[in-house]
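The sequence and structure are shown below.

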Amino acid sequence: LKGISIAIDGPAAAGKSTIAKRIAQKLHYTYIDTGAMYRALTHKAIQSDIDMDSDNDLADLLMDTEILLVPEKGGQAVWIDGIDCSEEIRSQLVTGAVSKVASHPTVRKMMVDKQRALANDSGVVMDGRDIGTEVLPNADLKIFMTASVDERAERRFQENEKRGIHSSLESLKEDIERRDRADSEREVSPLKKAADAILVDTTSMSIDDVVDKVIELAEMRM
Ligand code: C5P
């Protein structure tokens, strides 16, 4: 069986990374969380007091930043300049600013180059917003994963509770809607289903159901 490339795109909190991680684990593929890369740059920009409206300043910062996606049991750690920042990049502050950072053309071009370089021939699962449309337009399998906004907010709420973070369902919903709007309406590679992507609505599916469905689709392409 040949290693294939699997692109998983979709709106915020649709379960992309949970599913992508499990699939990569099952198939012994490389998992690449591209959202984590934009989050890492956003975290460093906040720390360095960089203007989030400046594509140039952010691109310069990115040039000076080492972002490593380190595989670890059941997932992926994110190291910025030699420090494990896996927790920090999920903060409210970063989540609130990341779509702005990700809207800039030079930043995106540099990230896309990095992401393409990380994809290898031995099998890759990459999740994000523009994987099927821009990063890996020739991916063997493209999935566009969605769920109702209420379901996505509820899942994020439960996930936060498990991590000991107490949040309000209503504000999570607003945050998700705001981010989806920014990601869908930006000029450079907006969030959009690729013409050849398979739509998977996970609203009433369990994690196992979604994993099984994607694996089945993947096996048809190996
Ligand atoms: O996937 P995650 O929610 O961690 O992504 C954080 C943000 O990074 C998204 O809301 C989006 O603004 C940006 N992003 C992007 N392109 C990708 C992945 C993420 O613009 N391929």
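A polar contact is a pair of N or O atoms within 3.5 Å. The model is predicted. In it, a polar side-chain atom of R179 lies 2.9 Å from an oxygen atom of the ligand. The side chains of T34 and R186 also have an N or O atom at a listed distance from a ligand atom.

| Residue (side chain) | Ligand atom | Distance |
|---|---|---|
| T34 | nitrogen | 3.0 Å |
| R179 | oxygen | 2.9 Å |
| R186 | oxygen | 2.9 Å |

The ligand is surrounded by 16 residues, and the closest are R39, R108, D130, D183 and R186.

T34 also takes part in a helix contact: T34, M37, Y38 and L41 of α2 meet V107, R108, M111, K114, Q115 and L118 of α5. By class, this contact of α2 with α5 has six nonpolar, two polar and two charged residues. Helix α2 spans residues 34-47 and helix α5 residues 105-118; their axes come within 11 Å and cross at roughly 135 degrees. The two helices are therefore oblique to each other, and α2 passes α5 in a right-handed crossing.

Helix α7 (residues 149-162) packs against helix α8 (residues 169-185) at an angle of about 120 degrees, with the axes 9 Å apart. That angle makes α7 oblique to α8. The crossing of α7 past α8 is right-handed. By class, the contact of α7 with α8 has six nonpolar, one polar and eight charged residues.

Key. Residues numbered from 1 in each chain as written. Predicted model: local features only at pLDDT ≥ 70, side-chain atom pairs only at ≥ 80, totals over all residues. Heavy atoms only, no water. Axes fitted to C-alpha atoms, helices over the stretch in contact; angles between N-to-C directions. Helix = DSSP H or I, 4+ residues; strand = E, 2+ residues; numbered from the N terminus. Parallel < 35°, antiparallel > 145°, perpendicular 65-115°, else oblique. Left-handed = near helix turned anticlockwise from the far one by under 90°. Nonpolar A, V, L, I, M, F, W, Y, C, P; charged D, E, K, R; others polar. Near = heavy atom within 4 Å. Polar contact = N/O pair within 3.5 Å; in protein donor to acceptor, adjacent residues only side chain to side chain. Contact = heavy atoms within 4.5 Å.
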